[in-house]
Amino acid sequence: MLNNSPTMEDLDGGMASDVEREEEEAVTDLLRDRFRLCTISIAEDEAKQCGMEVSQPIITCISDLAFKFAEQLSKDLELFAQHAGRKSVNMEDVILSAHRNDHLAASLRSFCNDLKTKEPNSERKRKKNPKREGRLAPDLLRTPDT
C-alpha cells in the first residue's frame, strides 16, 4: 500500500515558499503604497501650480496607472537585458523601451550623451594600447638581408 500523504519535508518546503511569497507581497505592497503617496503628492502639486482641482478618485487612478506602467517597464527592461545576455539593465535598454515614443527616445539619447560627456575619463574602461603590440611586430617579422 502506497502512502501518498505529504512528508514533513514537503510541508516545510511548502511553508518556506509561502513565507517567501508573503514577504514578496508585503514588499510589493509597501512599494506600491510609497509610490502612490509620491504620485499623489506630485499630482496635487501640479494641479495647484496650474490652478486646478483634481478629484481624489482621479488622483488615485493616475497613481495606480503609473504604478502598473512602472511594473511593466521594469519587466520589459529586465527582458531586454536578459536578451542581450546581461544580468543588469543599462541605458540602452531604457532607450529601447521608449522606441514607440520618438520624442522620449530622443530625449533619453540626449540625456545619455550628456552623461557620457560629463563622465570623467579615468572611470571609463580603457582599451588596450595597440601601439605596444605594433612595436614588437616589426622586430619579429624582420628577415636577415642576404
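This is a predicted model: local features need pLDDT of at least 70, side-chain atom pairs count only at pLDDT 80 or more; totals for chains, interfaces and linings use all residues.
Reader: What makes up the secondary structure of the protein?

Author: The protein has 5 helices and 0 strands. Along the sequence the pattern reads α-α-α-α-α.

Reader: Why is serine 63 called buried?

Author: Buried means under 20% relative accessible area. Serine 63 has 1%, so serine 63 is buried.

Reader: Where does serine 63 lie, and which residues is serine 63 in contact with, leaving aside neighbours within four places in sequence?

Author: Serine 63 lies in helix 2. With those neighbours left aside, serine 63 is in contact with Phe35, Arg36, Thr39 and Ile40. Contact here means heavy atoms within 4.5 Å.

Reader: What share of the protein is buried?

Author: Buried residues make up 10% of the 146 residues. The accessible surface comes to about 13300 Å². Of that surface, 56% belongs to carbon and sulfur atoms.

Reader: How do you know that aspartate 64 and arginine 36 form a salt bridge?

Author: A side-chain nitrogen of Lys or Arg must be within 4 Å of a carboxyl oxygen of Asp or Glu. For aspartate 64 and arginine 36, the closest N and O atoms are 2.3 Å apart. That value is within the cut-off, so the pair counts as a salt bridge.

Reader: Which parts of the chain does this pair link?

Author: The pair links distant parts of the chain. Aspartate 64 is in helix 2 and arginine 36 is in helix 1, 28 residues apart.

Reader: How many salt bridges does the structure hold?

Author: The structure holds 4. Among them is aspartate 18 with arginine 21, the closest N and O atoms being 2.9 Å apart. Another is aspartate 29 with arginine 32, at 3.3 Å from N to O. Both values are within 4 Å, so both pairs qualify.

Reader: Why are aspartate 18 and arginine 21 separated by about one helical turn?

Author: Because they are 3 residues apart in helix 1. Aspartate 29 and arginine 32 also lie in helix 1, 3 residues apart, about one turn of the helix.

Reader: Which residues make the nonpolar surface patch?

Author: Val54, Ile58 and Ile62 make this patch of about 230 Å². Isoleucine 58 lies in helix 2, residues 56-83.

Reader: Why is isoleucine 58 called partly exposed?

Author: Exposed needs over 50%, and buried needs under 20%. Isoleucine 58 has 45% relative accessibility, so isoleucine 58 counts as partly exposed.

How values were computed:
Residues are numbered from 1 along each chain as its sequence is written. Side-chain values use heavy atoms; hydrogens and water are left out. Helices (H or I, at least four residues) and strands (E, at least two) are DSSP runs, numbered from the N terminus. Buried means under 20% relative accessible area, exposed over 50%, partly exposed in between (1.4 Å probe, protein chains only). Accessible areas come from the Shrake-Rupley method with a 1.4 Å probe; for residues, only the protein chains shown count as cover. Patches are made of residues with over 30% relative accessible area and no salt bridge: like charges are joined within 9 Å, nonpolar side chains (Val, Leu, Ile, Met, Phe, Trp, Tyr) within 5 Å.
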